[in-house]
Amino acid sequence: MCPSCGGPLGLMGTLGTMDHWRCRNCGQQVNIERIKTMHESITIERILPMVEESMFGESNIGICLDCGEEQGSCEPDATGHHCESCGMPAVSGVEEILLTLQA
Ligand SMILES: [Zn+2]
Ligand SMILES: [Zn+2]
């Protein structure tokens, strides 16, 4: 909603983590920061076995923070890798995700 007149907002574009909106009523521009949230399927319970596997085994698993899909051959401390599933640069290594979840 527009802070000035309460009119409906239309999305103009996105720059980084900022969404640029414009009021359809009075034309005022509003910038709203998008908070980066992880996909709801990503939990410590899901991540922990993968972290152990990447520490003691051969597999390097990453997970897309955007869609929650698993990706193979991803360094444990990687961030911002390209997701083969949804195309977003949102794949992180499982160790990196675990640190974020525990923070
Ligand atoms: Zn307005
Ligand atoms: Zn994805």
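Predicted model: local features only at pLDDT ≥ 70, side-chain atom pairs only at ≥ 80, totals over all residues.

Strand 1 and strand 2 are joined by 6 bridges in the antiparallel sense, and Thr14 has Asp19 of strand 2 as its bridge partner. The two strands form a hairpin with 2 residues between them, and Gly16 in the turn has a positive phi of about 60°.

The protein chain is divided into domain 1 (1-35) and domain 2 (44-102). Their C-alpha centres lie 33 Å apart.

The mean pLDDT of the protein chain is 90, and 98% of its residues reach 70 or more. Confidence is lowest in strand 3, with a mean of 87, and highest in strand 4, with 95.

## The sheet of strands 5, 4 and 6

Another open sheet of 3 strands has the order 5-4-6, with antiparallel pairing. Strand 5 and strand 6 stand at its edges, each pairing on one side only. Strand 4 and strand 6 pair in the antiparallel sense over 3 bridges, and Ile63 has Ser92 in strand 6 as its bridge partner. Helix 2 packs on this sheet and touches strand 4 and strand 6; the direction of the helix makes about 90° with that of strand 6.

Within helix 2, the residues Val94, Glu95, Glu96 and Ile97 are buried. The cover over the buried residues of helix 2 includes helix 1, strand 4 and strand 6 (91-93).

In soluble globular proteins, nonpolar side chains tend to be buried together. The largest nonpolar core of this model has 11 residues: Ile47, Met50, Ile61, Ile63, Cys64, Leu65, Cys74, Ala90, Val91, Val94 and Ile97. Helix 1 (44-56), strand 4 (62-64) and helix 2 (94-102) each supply at least two residues of this core.

Cys64 is one of the core residues. Leaving out residues up to four places away in sequence, Cys64 touches Glu69, Gln71, Cys83, Ser85, Cys86, Met88, Ala90 and Val91. Among these contacts, Ala90 and Val91 also belong to the core.

Is Glu70 buried or partly exposed? Glu70 has 14 C-beta neighbours inside 10 Å and therefore counts as partly exposed; a buried residue would need 20 or more. Glu70 is located in strand 5 (residues 70-71).

When neighbours within four places in sequence are set aside, Glu70 is in contact with Ile61 and Ile63. Both Ile61 and Ile63 are members of the largest nonpolar core. Glu70 and Gly10 are 60 residues apart in sequence, and the C-alpha to C-alpha separation between Glu70 and Gly10 is 34 Å.

Methods:
Residues numbered from 1 in each chain as written. Chains lettered and ligands numbered in written order. Core = buried A, V, L, I, M, F, W, Y, C linked by C-beta atoms within 7 Å. Buried ≥ 20, exposed ≤ 12 C-beta atoms within 10 Å, placed from the backbone. Helix = DSSP H or I, 4+ residues; strand = E, 2+ residues; numbered from the N terminus. Contact = placed C-beta atoms within 7 Å. Domains from an automatic or database assignment. pLDDT = per-residue confidence, 0-100. Pairing = 2+ DSSP bridges. Axes fitted to C-alpha atoms, helices over the stretch in contact; angles between N-to-C directions.
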